[in-house]
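Hello,

Here is the structure I promised to pass on. Please open it, then read my notes below.

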Amino acid sequence: MEAEKIRNTTDVELKHQERELNEQLFKLKFQMNMGQTESLKKIRGLRKDIARVKTILRERELGIVRNGAAQQKAAAPAEAPAAPVAKKAAGKAAKAKGTAGKSRAAASKSRSEAT
């Protein structure tokens, strides 16, 4: 199933399609556990289709509109500078947390040695 096909359907149809895909996936998993089939490709394909449907439903819920590559290219440079700053801040927070954990361990070790 292609993303363009999914984007051209309504929300109600998408929810119905998601339900059907989940049922098919359940049946295939059940058959596989019973030893009746070995269709890994079908299971992988169904999982990807379910993910596509859920992604498009979530995009619509958030109001994200994807019309083509031109819009995506225009949005990409605006988001690029913000990502490294967030990574640096997250890295600093992780380092600070790591050093705090080490000092606590050292403090508890010195307490246990004192007794």
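E18 is buried, because its relative accessibility is 16% and buried means under 20% relative accessible area, exposed over 50%, and partly exposed in between (1.4 Å probe, protein chains only). E18 sits in helix α2, residues 11-34. Helices here are DSSP runs (H or I, at least four residues), strands are E runs of at least two, and both are numbered from the N terminus. Beyond its neighbours within four places in sequence, E18 touches V53, K54 and L57; a contact means heavy atoms within 4.5 Å.

A word on the source. This is a predicted model, where local features need pLDDT of at least 70, side-chain atom pairs count only at pLDDT 80 or more, and totals for chains, interfaces and linings use all residues. Residues are numbered from 1 along each chain as its sequence is written, and side-chain values use heavy atoms, with hydrogens and water left out.

Now the whole chain. It has five helices and zero strands. Of its 115 residues, 14% are buried.

Next, the salt bridges. Side chains of opposite charge can pair when their charged atoms come close. A salt bridge here is a side-chain nitrogen of Lys or Arg within 4 Å of a carboxyl oxygen of Asp or Glu. The structure holds five. Here are three of them:

- R7 and E59 pair at 2.6 Å, N to O. R7 is in helix α1 (residues 3-7) and E59 in helix α3, 52 residues apart, so distant parts of the chain are linked. E59 is buried at 8% relative accessible area, while R7 is partly exposed at 24%.
- D11 and R60 pair at 2.9 Å, N to O. D11 lies in helix α2 and R60 in helix α3, so this pair ties together parts 49 residues apart in sequence.
- E61 and R58 pair too, with their closest N and O atoms 2.5 Å apart. Both are in helix α3, three residues apart, so about one helical turn separates them.

Last, the surface. Which residues make the nonpolar patch? F26, F30 and M34 do, and the patch covers about 380 Å². Patch residues have over 30% relative accessible area and no salt bridge; like charges are joined within 9 Å, and nonpolar side chains (Val, Leu, Ile, Met, Phe, Trp, Tyr) within 5 Å. Areas come from the Shrake-Rupley method with a 1.4 Å probe. F26 is in helix α2 and is exposed, at 58%.

Best wishes
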